Amino acid sequence: MPDVAYITSPLCLLHEADHPHPENPGRLAAIQAAVRAATLYSELEIHDAPAASLGDINRAHSAEYIALVQRAANSGKHVMLDPDTYFGPHSWDAALHAAGAGCLAVDLLMNGTAVRAFCAVRPPGHHALRDGANGFCTFNNVAVAARYAQAAHGLERVVILDFDVHHGNGTEDIFAGDENVLCISFYEDGLWPRGLGEVPPLGDNCMNLPMPRRCDPEIYHQLMRDKVMPAIAAHQPDLIIIAAGFDAHRDDPPGDKLHSDPPGVQLLTDADFSAMTRTLCEFADSHCHGRVIAMLEGGYTHAVLAQSVVVQLETLAA
Ligand SMILES: [Zn+2]
């Protein structure tokens, strides 16, 4: 059984809006309670996330954007970084530790302490653009981790697979045209931030997979077999990072402008997330020393999200 690191930070619970918001501390609190109560908890390597350095952040984000966030932090007030992305008095610490979790995950995998890692952190990251906040995301945690793996450990080739219900537009923005990083994003066709239909990727290294609303989960698995895994094999990654949003779960309504729609916009279950993750882990076991890092993105129905994370940990540990 591979050693699995579970990385989180109490500071990530302090990132809070001054108005009701679907991306709230209750998400992580529910995850923490469920993980601590899970049978496998005693087998996990538990770690506190350190703060990422500004140099770590700067590999994925422009200095101008980092300075803008820093000014927001220095104001000590609640501000909006973009129309969707709140930032409060504790958000700077939370964002730095969310990004730092991914860097620690890379360190633990590379120094042999763990083979896989799950980072239970917020704010989420995959919408954050090189030059700006977007869609509840301050810093792009998976992007910071990928760049850290390259810079601090000399890994060259990384795959980022995103199964959040929303397109990983920030990750695509940061890595478009970078042949060393293959970005694959499943997302619901037509859902924010993308329009309906085929949207050409920003670079040849980006694979966008729009999924019809309420589609049969088997379509995800077909795409994994026919398109995703061949592309990953061709990429020959040294590390696989999962942007693990669980808002495509059949019991989780999307946390965006369609929030009032009935739940079940995508119909995935924990078994489907598990099957996709298992496929990635098996590939990693035979091709890149088992190295898989999963970082929390979306998922807004607390009890459902918490259970998804427990199953994700079980899968990483299997
Ligand atoms: Zn999402």
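Residues are numbered from 1 along each chain as its sequence is written. Because the model is predicted, local features need pLDDT of at least 70 and side-chain atom pairs count only at pLDDT 80 or more, while totals for chains, interfaces and linings use all residues.

**View 1. Helix 9 and its buried residues.** Helix 9 covers residues 302–317; helices are DSSP runs of H or I with at least four residues, strands are E runs with at least two, and both are numbered from the N terminus. The buried residues pack against elements including strand 1 (4–8), strand 5 (116–120) and helix 8 (270–287).

**View 2. Helix 8 beside helix 9.** Their axes, lines fitted to C-alpha atoms over the stretch in contact, come within 9 Å and cross at roughly 30°. That makes the two roughly parallel, a label for angles under 35 degrees between N-to-C directions. Phe273, Thr277 and Cys281 of helix 8 and Ser308, Val311 and Thr315 of helix 9 are among the residues making the contact (C-beta atoms within 7 Å).

**View 3. Helix 7 beside helix 8.** Here the axes of helix 7 (residues 218–235) and helix 8 come within 11 Å and cross at roughly 20°, so helix 7 is roughly parallel to helix 8. Tyr220, His221, Met224, Met229 and Ile232 in helix 7 meet Asp272, Ala275, Met276, Thr279 and Phe283 in helix 8.

Note on methods
The expected span of a helix is 1.5 Å times one less than its number of residues. A residue is buried if 20 or more other C-beta atoms lie within 10 Å of its own, exposed if 12 or fewer, and partly exposed in between; C-beta atoms are placed from the backbone. Two residues are in contact if their C-beta atoms, placed from the backbone, lie within 7 Å. Axes are lines fitted to C-alpha atoms, for helices over the stretch in contact, and angles run from 0 to 180 degrees between N-to-C directions. Angles under 35 degrees count as roughly parallel, over 145 as roughly antiparallel, 65 to 115 as roughly perpendicular and the rest as oblique.
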